[in-house]
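Here is a short briefing on one protein model. Look over the sequence and the structure, then work through the points by topic.

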Amino acid sequence: MTPTSAVKSWVLHIGDSFTDVLPASGFYRFVETILHKNVTGGCTTSAYCPADSTTREQMAVFVLVSKEPPGYLPPACGATPMFADVPVTSPFCRWVEELARRGVAGGCGGGNYCPSSPATREQMAVFVLRTLDPALNPPDCVAGAEAFADVPAASPFCKWIEELARRGVVTGCGGGNYCPTNPVTREQMSVFLAVTFGLVLYG
C-alpha cells in the first residue's frame, strides 16, 4: 500500500458455503456473514442445519463471539462448575459461565442451565441485548399498547422483545404475534446475531 509499502491481508468470502442454505434463501446472506465472522462453522463440514433449534449452550457461544473481537476465548471453568448440568469437561462450559458472570443468563432453575434445551424466541431477546449492552434497561411495556398480541406487558420478556422490534431486529412471526415460546432456529439466529451486533461481511 502506497506510500508506506505496508502490507494488509484480506480474507475473501466466496459464498455457497453450505449445501442446505442456497443463495435463493432469505437467510443466505446472514448465514454467510456469521460464518465469515467465525461465529459458527455449521453443523457439519458442508451443512448448516438451518431448521434445527439453537440450543442454550450454542447460544452462549454465538452471542459472545458476535460481541467480542476475533479470537476471543473466555477463561476456562474452575474445578467446581457454576451449573450442575454443565460440567467443566463440556466445551461449552467456559462460554456458559461467562454469560452468567455478565448477568446475561441465570440458568433454568434448580442450579441448572439446561444446556441442550432449545433457546426460545423470548429468551433470545434477552441473550442478544444483554450481551450487546450489559447496562441496557429497555422501557417497560404499556398494557393495552403491546407490540405483539402474544407478548403481554406482564411478561418479563416483553420489554426486551419490544426493544428488539424497535431496533428492527425482529418483526414477529405473523398475524401480529411474536411466538415467544417457539424455539429459535439456526437460520433465524443468523439474522438476530448479524442485525443486533452489526455484523457485515466486510467493514
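At 36% relative accessibility, Cys108 counts as partly exposed; buried means under 20% relative accessible area, exposed over 50%, and partly exposed in between (1.4 Å probe, protein chains only). This is a predicted model: local features need pLDDT of at least 70, side-chain atom pairs count only at pLDDT 80 or more, and totals for chains, interfaces and linings use all residues. Residues are numbered from 1 along each chain as its sequence is written, and side-chain values use heavy atoms, with hydrogens and water left out.

**Disulfides**

- A disulfide is a covalent bond between the sulfur atoms of two cysteines. Here the test is a pair of cysteine sulfur atoms within 2.5 Å.
- How many disulfides does this rule give? The count comes to five.
- With the bonded cysteines of the protein chain numbered in sequence order, the pairing reads 1-2, 3-4, 5-6, 7-8, 9-10.
- Cys108 is bonded to Cys114, with the sulfur atoms 2.0 Å apart. The torsion about this S-S bond is 80 degrees, and the link is right-handed. Cys114 is partly exposed, at 26% relative accessibility.
- Cys173 pairs with Cys179, S to S 2.0 Å. This link is also right-handed, with 75 degrees about the S-S bond. Cys173 has a relative accessible area of 36%, so Cys173 is partly exposed.
- Cys77 pairs with Cys93, S to S 2.1 Å. The torsion about their S-S bond is about -120 degrees, so this disulfide is left-handed. Cys77 lies in the loop between α2 (56–67) and α3 (93–101), and Cys93 lies in helix α3, so the pair ties together parts that are 16 residues apart in sequence.
- Are Cys77 and Cys93 buried or exposed? Both are buried.

**Helix α5**

- Helices are DSSP runs (H or I, at least four residues) and strands are too (E, at least two), numbered from the N terminus.
- Why is α5 (residues 158–166) described as largely enclosed by the rest of the structure? Seven of its nine residues are buried.
- The buried residues of α5 are Cys158, Lys159, Trp160, Ile161, Glu162, Glu163 and Leu164.
- These buried residues pack against α4 (121–132) and α6 (186–196). Contact means heavy atoms within 4.5 Å.
- Gly168 follows α5, and its phi is positive, near 75 degrees.

**Helices α2 and α6**

- Two packed helices are described by the angle between their axes and the distance between the axes.
- α2 and α6 pack at about 25 degrees, with their axes 11 Å apart.
- The two helices are therefore roughly parallel to each other. Angles under 35 degrees count as roughly parallel, over 145 as roughly antiparallel, 65 to 115 as roughly perpendicular and the rest as oblique.
- Which residues meet? Gln58, Met59, Phe62, Val63 and Ser66 in α2 meet Arg186, Met189 and Leu193 in α6.

**Thr40**

- Thr40 sits in the loop between α1 (28–36) and α2.
- Its relative accessible area is 11%, so Thr40 is buried.
- A polar atom of the Thr40 side chain lies 3.1 Å from the backbone nitrogen of Gly42.
- Beyond its neighbours within four places in sequence, Thr40 is in contact with Ile34, Leu35, Tyr48, Phe62 and Arg186.

Methods
Polar contact = N/O pair within 3.5 Å; in protein donor to acceptor, adjacent residues only side chain to side chain. Axes fitted to C-alpha atoms, helices over the stretch in contact; angles between N-to-C directions.
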